[in-house]
Amino acid sequence: MKILVTTSNNYSFLLETYAHLFNKYWANQEIIFLGFNEPQNISLPSNCSFHSLGKQEDFGTIWTDPLIPFIESLEDEYFMVTVEDMMLVSPVNLEKMALMETEIKNGDADKAVLDRHLNSSSLHYKPGLRKLGQYAEYRTTLHPSIWRKEYFQRYLKPGYTAWDFELKNMGESYTDRATIITPDGDENVFEALNVYRKGVPIPRMDCPSPYGCHEDAIADMKDIEMILSCVREHENEASVNEL
């Protein structure tokens, strides 16, 4: 299964750290970073590649337009979609990941959200899995998820920012009859740390959970320090360039 990680010129400095943590906790996956200018002075492992979607200035903050032709070019029936500042910080639950991927592969589900942040609007589906209610909010969430290609394309409408993708598609998703599954139990399948929130990096004083993780997540402080070091180094370089 391909892992598609979208990025922009503003945050592509995170990719080396992203790849390191991803391989630490879920090795040997095919990761495709989808951005604009290929980042300089970073080293990506052999399982990672960078695909330029064009010039960022041609799209501004629009997220969908550069993605549309790339997704159309894929022969894969499904793939995982996530973003560069949602960094993996604990081992993936491989058994449940395989269970969810099988549901998608067999066409029994259209999307698999890999964490439990929407589970309050879900019902029991199958052993180990829940299903989002048809009127659950954020059915088109961009939290790390496996999507069937045709379902992702349905909502990949021209002129949408990433925020638009989640919000403007919400009404239509209420009546789409799609099966969207989530993990049951008390663990996320893919535990991600949200490095940036509305442009503000960790640590955030108003963050309701430790370093942007799920409230019951336990992240290795060495990983936290690596991410903080990456962010601070970038901020220092940006400050020097402004002088």
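Predicted model: local features only at pLDDT ≥ 70, side-chain atom pairs only at ≥ 80, totals over all residues.
**View 1. Strand β9 and the strands paired with it.** Strand β9 comprises residues 145–148 and is covered on both faces. S145 and W147 are buried on one side, while I146 and R148 are buried on the other. In a regular strand the side chains alternate between the two faces of the sheet. Strand β4 (residues 78–83) runs antiparallel to β9 and is joined to β9 by 4 bridges; here F79 stands opposite W147. Strand β6 (residues 111–113) is also antiparallel to β9, with 3 bridges between them, and A112 has I146 as its bridge partner.

View 2. Helix α3 contains 12 residues, 94–105. At 1.5 Å a residue the helix should span 16 Å, and its end C-alpha atoms are 16 Å apart, which agrees. K96, M97, M100, E103 and I104 are the buried residues of α3. An α-helix has 3.6 residues a turn, so residues three or four places apart point the same way. L94, E95 and K105, on the other side of α3, are exposed. The elements covering the buried residues include β4, β6, β7, β8, β9 and β10. Just after α3, G107 takes a positive phi of about 80°.

**View 3. T7 in the loop between β1 and α1.** T7 counts as buried because its relative accessibility is 9%, and buried means under 20%. The side chains of T7 and E84 make a polar contact at 2.7 Å. Beyond its neighbours within four places in sequence, T7 is in contact with several residues, among them S12, L34, F36 and F50.

How values were computed
Residues numbered from 1 in each chain as written. Heavy atoms only, no water. Buried < 20%, exposed > 50% of the residue type's maximum accessible area, 1.4 Å probe, protein only. Helix = DSSP H or I, 4+ residues; strand = E, 2+ residues; numbered from the N terminus. Pairing = 2+ DSSP bridges. Polar contact = N/O pair within 3.5 Å; in protein donor to acceptor, adjacent residues only side chain to side chain. Contact = heavy atoms within 4.5 Å. Expected span 1.5 Å × (residues − 1).
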